[in-house]
Amino acid sequence: MLFHFCAATPPLFVLWIIMAQVAGQEDREKTTALKDLLSRIDLDELMKKDEPPFTFPKTLEEFEYAFNEYGQLRHIKTGEPFVFNAREDLHRWNQKRYEALGEIITQYVYELLEKKCNMTKETLPVDATEDEPTGFIYLSPDALSNPSKLLVLIQGSGVVRAGQWARRLIINQDLNSGTQIPFIERAMQEGYGVMVLNPNENYLEVEKSTKSPLPSPTETSDEPAEKRERKDDKEGKKKKEFYEKYRNPQRETETERIPIRENGSSEEHVLYVWDHFVSRAAAKNVFIMAHSYGGLSFVELMNQRESEVKNKVCAVALTDSAHNIWLQETTKSTQDWMQEHCRNWVSSPEPLDTTLEPMMPDCPRVSAASPGLLFADISLRHNLKKW
């Protein structure tokens, strides 16, 4: 309804108000028409034209890939490296395919640890019950009994699991670059026992229940206004979820994570393995290699078990370590010990082993050469002999 205006009301102002009302009416009509159009669209048919199902092969052979004699992942028929963009303009589908391949790679590396390196799984926690989540580490046959030397490998964070440094390098470069296999083999040749940690195996992921509560029988048309408002909110949420399903038809399965007891994080895992395995190993000399977040976990171990680590660990090789002595509040004595017993190889264009400017008063920084993510390959293998 138009407002009643007095004679003194400026004509231009009246005209502006009338135009605004007409425009508002047009907007409402357009909205109604749009809703009517959407109600007649077959959303199911549109969704069928969206991305393919997230159903991927379960083995390398089904993926039609294999590792050649150089440890490079190659297509069985074409001999080409892995192609991420298998389907154009379907990034999410391509990413899911890549992740599915990554899970297969994880199992493949486990097989290498067991068959090629003759290592065995050790379940965590050591006193786990049958119905609780568990993780594991890998031990060489003499990891606990070797009286002389023990090498402990700690990876960084992310999707990588025991035996891996970087999934990307395994898939796009080769097994020697992305796995810990070369280090394990060299260490064994030099008379070391070896312990491969698994700091990212922290939880069991289970699907959440999708059951929704039944409507209350007390809800009637005479329900209070507040209750109707809550009901309207629920309806609005349902509509939002429906249109989200249209936009993103293959929604992720909702899951919850049940942490592994005393191994719910990388720091907890490293501490647990120290208490139950490393500290009880027969080796008089323990050597540690830790990459990225693994370096942070090692420093946290120092904070928790300073005297024990100092008495048992002889040297630590860090690679692009993520530790921070200020944020982790390390003691001056720990910093002094790290200065003497640790070295951090970092990404740098400088030649391998070139001394770099220190950033903190903890341990020397040296170049890992370019590209930086080589895990101090040459240096560590060389230093294993010196250790």
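Helices and strands here are DSSP runs, numbered from the N terminus. The model they are drawn from is predicted.

The structure holds one cavity of 30 Å³ or more, and the largest cavity has a volume of about 50 Å³. Two elements, β5 (149-154) and α9 (266-276), each supply at least two residues of its lining. Of these, α9 provides the largest share, three residues. The residues that line the cavity are Val152, Ile154, Leu197, Val270, Val273, Trp274, Val278, Ile288 and Leu301. By class, this lining has nine nonpolar residues, with no polar and no charged ones.

Helix α9 also holds His269. Is His269 buried or exposed? Its relative accessibility is 1%, so His269 counts as buried, the cut-off for that class being under 20%. Leaving aside neighbours within four places in sequence, His269 is in contact with Leu124, Phe136, Ile137, Leu197, Asn198, Pro199, Glu262 and Asn263. One of these partners, Leu197, is also among the residues lining the largest cavity.

Next comes an open space, the second largest pocket. About 680 Å³ of space lies in this pocket. Its lining is made up of 21 residues, and Glu103, Arg161, Glu201, Tyr203 and Glu205 lie nearest the centre. Which elements each supply at least two residues of this lining? They are α4 (91-116) and β7 (203-207). Helix α4 gives the most, with five residues. By class, the pocket lining has six nonpolar, eight polar and seven charged residues. The lining of the largest cavity, by contrast, has no polar and no charged residues.

The last stop is Asn344, which lies in strand β11 (residues 342-346). With a relative accessibility of 6%, Asn344 counts as buried, because the class takes in values under 20%. Which residues does Asn344 touch, not counting those up to four places away in sequence? Among them are Leu318, Thr319, Asp320, Ser321 and His323. Asn344 also touches Cys363, Pro364, Arg365 and Val366.

To recap, α9 gives three residues to the lining of the largest cavity and also contains the buried His269. In the second largest pocket, α4 gives five residues to the lining. Strand β11 contains Asn344, which is buried as well.

How values were computed: Residues are numbered from 1 along each chain as its sequence is written. This is a predicted model: local features need pLDDT of at least 70, side-chain atom pairs count only at pLDDT 80 or more; totals for chains, interfaces and linings use all residues. Side-chain values use heavy atoms; hydrogens and water are left out. Helices (H or I, at least four residues) and strands (E, at least two) are DSSP runs, numbered from the N terminus. Buried means under 20% relative accessible area, exposed over 50%, partly exposed in between (1.4 Å probe, protein chains only). Contact means heavy atoms within 4.5 Å. On a 1 Å grid over the protein atoms alone, a cavity is a set of points where a 1.4 Å probe fits but cannot get out, and a pocket is an open set with protein on both sides within 12 Å along at least five of seven lines; lining residues have an atom within 4 Å of a point. Grid points are joined across faces, edges and corners, and a volume is the space filled by probe spheres set on the points. Ala, Val, Leu, Ile, Met, Phe, Trp, Tyr, Cys and Pro count as nonpolar, Asp, Glu, Lys and Arg as charged, and the others, Gly among them, as polar.
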